[in-house]
Amino acid sequence: MMIRVLIGSGSLLILGGLAAPPDAAAQMPEESCVSCHSAFGDAPLGEPVQAYAADVHAAKGFGCVACHGGDAEDPGMSAMDPAAGYIGAPERDEVVLLCGRCHSSAQFMRRYNPALRVDQVAEYRTSVHGQQLLERGDERVATCTGCHPAHSIKPPSDPNSSVNPLNVAETCGSCHADPEYMAPYAIPTDQHEKYSESVHWQMMSEEGDLSAPTCNDCHGNHGAAPPGVGWVGNVCGQCHSVMAELFGKSFHARVFAMLGNPGCATCHENHDIGRAGDELLGLGEGAVCGMCHSEGDSGGEVALGMRALIDSLNAHYEAADSILAKAENAGIEVSEALFGLNEATTALVSARTAVHSFSLDSVAEQVEAGLAATSTAYARGEEALGEFLVRRLGLAVSVAIILALIAGLFLKIRKIEQLT
Amino acid sequence: MERDAVSERAAGPRQSRRGFVNWLLGTSVGGLLLAVLYPVTRYLIPPETAESTAATVTLSIRPEDVAPNSAQIFRFGNQPGILVRTPAGELRAFSASCTHLSCIVQYRDDLGRLWCACHNGHFDLNGRVVQGPPPSPLETFVVNVRGDQIVVSRDA
């Protein structure tokens, strides 16, 4: 608490000269800071000037003094006089307040981006990073510039931004995947590696679905913290809402809460979430129900029953799809039957979803609907193949008739020739 | 006498062979006519359901059968399509296969959206994803009303 007070009061004193948000329009197009610092080229004192040219703040007209203070109109070293409000490079704990001067002000931010949230600092205070920094004085944790690199901040929509969905995991991993850096915190450092194997990253990186989750979608961004055991389902339910709702109403939700199991992650893992397949269901190899249940107990029987139902529908679907494909390849029109098979697809997906209710009846209801559709489709497939055989037989008979006609004509012509 | 008997014996089988050849020719021509007439007849009698091409389909739904703020599923080749009449009265058509896992979407008149019940995916009446896991919009079809007929086509 003492540290927090000291940091808070120190920051207020330092930022005293920068209490009000800067006015971009009032800044000089060419500042004296740039004139001098650009002479350093690639050296540390020149690098910020080069990088800042592509920064979103520069694009909005903000100059160096907006964050560093001082007098940009003064061409001499006195431009960096603390009396002129110069604060130099802010300390890590000061960065949050410095950014918050503008970003926490709805009145100010709406002039530049009315849709941008203004609760980042408030959220940061609730995050593990914020609590470590502001309450325990740990300056190794991420602050604003840890994720939004100072002098080259870009909006998340920019593919080069450190917080573009495709780059977030790399940004978080720059600390969290470094065992040496993370050693004092005694937390795992394999999250990035595991996430890289997950279906979420595959969806995002290979299939270009930027709505697939990355670190901040489950942990929060400015308020980043691990999801609590009790609310993992709510986090996953942001996208997987039907499964989350079924699971929330199920007996398992209450039992998992009692046992301290992290909801969805108990069966699906957290960072290395794979593509969920039927193999997860049941008691066999790769099935997750077997972690708690075994053959003979009621849960195990339900698991086996649900798996058997889904396997049955899957097998019937494959059979119907296969016979229709065979008929289609043979040139028979089966679009009506294939159209009907779409209902079985819906039923199969719904049955797999219904598994999250852990109710055999719910799964059976979907499977029955699917089996009715596959049965009709299969019968139509058989009918189509039957028609194909009739057509082949017809072709054989026609060919035989034509050959007989040719033979008859040949004999008739020869007879006429003999008579003449 | 003996010569006559020999020529009759010789004429008998010849007569029988000639008859056979004539029969063969007659039945072959008959068969050929059947082989031609059968497909012609089958062609003239239309099938129970119209076969749609990959690019366009004429629906069996009449424009007045689709009330505002409602929709009907139709067959587009072997895939389901959905014809929606918006609350404003405009007819729009989309692929009814959800872009997530291919469940058939339905119209929610309480929301004015297309909805996939499997994983709660929502699409607006332009086919765009507005909620849930679908990764991409629904394919949009072009709707033309020609008198009493609705013709749905893939956009060129």
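Axes in this report are lines fitted to C-alpha atoms, for helices over the stretch in contact, and angles run from 0 to 180 degrees between N-to-C directions. Helices (H or I, at least four residues) and strands (E, at least two) are DSSP runs, numbered from the N terminus. Residues are numbered from 1 along each chain as its sequence is written, while chains are lettered from A and ligands numbered from 1 in the order in which they are written. The model is predicted: local features need pLDDT of at least 70, side-chain atom pairs count only at pLDDT 80 or more, and totals for chains, interfaces and linings use all residues.

**Confidence in chain A**

The term pLDDT denotes the predictor's confidence in each residue, from 0 to 100. Chain A has a mean pLDDT of 89, and 93% of its residues reach 70 or more. Among the elements of chain A, the lowest mean pLDDT, 41, belongs to helix α1 (residues 2-14), and the highest, 97, to helix α13 (residues 191-196). The pLDDT is below 50 over residues 1-17 of chain A, a stretch that has 19 contacts in the model beyond near neighbours in sequence. Two residues are in contact if their C-beta atoms, placed from the backbone, lie within 7 Å.

Two packed helices are described by the angle between their axes and the distance between the axes.

| Helix pair | Angle | Axis distance |
|---|---|---|
| α21(A) (residues 335-354) and α22(A) (residues 360-419) | about 160° | 8 Å |
| α20(A) (residues 298-329) and α22(A) | about 20° | 8 Å |
| α20(A) and α21(A) | about 160° | 11 Å |

Angles under 35 degrees count as roughly parallel, over 145 as roughly antiparallel, 65 to 115 as roughly perpendicular and the rest as oblique. At about 160°, α21(A) is therefore roughly antiparallel to α22(A). The angle of about 20° between α20(A) and α22(A) makes α20(A) roughly parallel to α22(A). For α20(A) and α21(A), the angle of about 160° makes the pair roughly antiparallel.

A crossing is left-handed if the near helix is turned anticlockwise from the far one by less than a right angle, and right-handed if clockwise. The crossing is left-handed for α21(A) and α22(A), for α20(A) and α22(A), and for α20(A) and α21(A).

The residues in these contacts can be sorted by class. Ala, Val, Leu, Ile, Met, Phe, Trp, Tyr, Cys and Pro count as nonpolar, Asp, Glu, Lys and Arg as charged, and the others, Gly among them, as polar. Where α20(A) meets α21(A), the residues include L309(A), I310(A) and L313(A) of α20(A), and A337(A), L338(A) and L341(A) of α21(A). By class, this contact of α20(A) with α21(A) has 13 nonpolar, 1 polar and 2 charged residues. In the contact of α21(A) with α22(A), G340(A) and E343(A) are among the residues from α21(A), and Q366(A), G370(A) and R380(A) are among those from α22(A). The residues of that contact of α21(A) with α22(A) divide into 12 nonpolar, 8 polar and 2 charged. The contact of α20(A) with α22(A) divides into 21 nonpolar, 6 polar and 2 charged residues.

**Chain B and its interface with chain A**

Chain B contains 1 helix and 10 strands, and from the N terminus its elements run α-β-β-β-β-β-β-β-β-β-β. A residue is buried if 20 or more other C-beta atoms lie within 10 Å of its own, exposed if 12 or fewer, and partly exposed in between, with C-beta atoms placed from the backbone. Of the 156 residues in chain B, 25% are buried.

At the interface, 29 residues of chain A are in contact with 26 residues of chain B. The elements giving two or more residues to the side of chain A are α17 (241-249), α21 and α22 of chain A. The largest share of that side, 11 residues, comes from α21(A). By class, the side of chain A that touches chain B has 11 nonpolar, 11 polar and 7 charged residues.

**Individual loop residues of chain A**

Most residues other than glycine have a negative phi. H151(A), however, has a positive phi near 80° and lies in the loop between α10 (144-147) and α11 (165-176) of chain A. H151(A) counts as partly exposed because it has 18 C-beta neighbours inside 10 Å. E269(A), also not a glycine, has a positive phi of about 70° and is found in the loop between α19 (264-268) and α20 of chain A. With 15 C-beta neighbours inside 10 Å, E269(A) counts as partly exposed.

S78(A) is located in the loop between α5 (65-68) and α6 (92-103) of chain A, and its 12 C-beta neighbours inside 10 Å make S78(A) exposed.
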